[in-house]
Amino acid sequence: MSDLDWGNLPFGYIKTDYNTRCYYRNGKWGEIEVSSSEEVSIHIAATTLHYGQEAFEGMKAFKGKDNKVRLFRWEENAKRMRNSAKGVMMAEVPDEIFIASVEKAIKLNERFIPPYGSGASLYIRPLLIGTGARVGVKPADEYLFMIFVTPVGPYFKEGFKPVKMMIERKFDRAAPLGTGNIKVGGNYAASLNSLDIAHEKGYASALFLDAKEKKYIDEAGPANFFGIKNNTYVTPHSDSILPSITNMSLVTMAEDMGMKVERRRIPVEELSTFEEAGGCGTAAVISPIGQIDDLGTGESYVYDMEKAGEVSTKLYHRLQAIQAGDEEDKFNWIKVVEL
Ligand code: PLP
Ligand code: COI
């Protein structure tokens, strides 16, 4: 076991022992290879470098009280990565290669899996890039699928404490019919200016509005948005947000807990009517939102900066209990990794 300060890990990169690589050449995927190098050597004209042919995923493995290692809904990540690949015309990674690589990366880095109860987890980062050389704008003929893992703490340094977010109207993350609904690097590049403004002004993140009308909530930086009112879980329906696996799971749990669920457009002004608001994602888990300042209109939407709301708290604990194996896997979301 590595001697990291498990309870105080940031959400950042810590070197682990091995990563996996799998090459797509001549129309087919090769064997999964293991590397201990943190570097990748690719052609200077690789399409990933010039034309953004790349997609990534984010998932987590958790150690339980029973010392078993659990993966959460990996099939959904594999499916989303295939979808992202299609979206920027890359070769799709078959599920067998995806899961075999994930399991290999976890096993080979077992000593970096944070212990039960530390609040940390092993973050898994699958990455698919176009490596074939092109100068004209065309898809590559060669691809590389890699996975590295790294132990992480909470994405927002506040952990499960309310954060402040802001809305600014100078930059869009994703075009209405663009790539906002797939997990490609360009979306994150496009979000950097807004996030920088947010951080500069002391906000945890930016809340993005729909790019076309600037009237509706899209998502909360690297997380989906939800609001709670009248025993209802409300989350945006939008073609330009990433379909969050965490959000999907919260929807299922909310329904199971007797709540109503609405997936629809959420006008900015509706923020004043929620009893609770939050961001959700693999990295963020649930991040309660205590206040949202709209820098465009000067409006502030204040929830509770002291503590997370009751519903968010329930959802957060239940999700974590399922992931750690403390609660029965009622929805069949867990795969135990054989070490
Ligand atoms: N939205 C964006 C833009 C993200 O990067 C992420 C993280 O993956 C999410 C939402 C949350 O998705 P998930 O719950 O599948 O991690
Ligand atoms: C995740 O939640 O896994 C993400 O990918 C967010 C990230 C961009 C840090």
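How far apart do the C-alpha centres of domain 1 and domain 2 lie?

A: The C-alpha centres of domain 1 and domain 2 lie 25 Å apart. This is a predicted model, in which local features need pLDDT of at least 70 and side-chain atom pairs count only at pLDDT 80 or more, while totals for chains, interfaces and linings use all residues. Residues are numbered from 1 along each chain as its sequence is written, and side-chain values use heavy atoms, with hydrogens and water left out.

Domain 1 covers 6–152 and domain 2 covers 163–324, with bounds from an automatic or database domain assignment. Domain 1 brings 23 residues to the contact and domain 2 brings 17 residues, where contact means heavy atoms within 4.5 Å. Between them the domains bury about 1,700 Å², 65% of it on carbon and sulfur atoms; buried area is the accessible area (1.4 Å probe) that two parts lose on being put together, summed over both. On the domain 1 side, F56, F72 and R80 lose the most area to domain 2, and together they make up 34% of what that side buries.

Key. Chains are lettered from A and ligands numbered from 1 in the order in which they are written.
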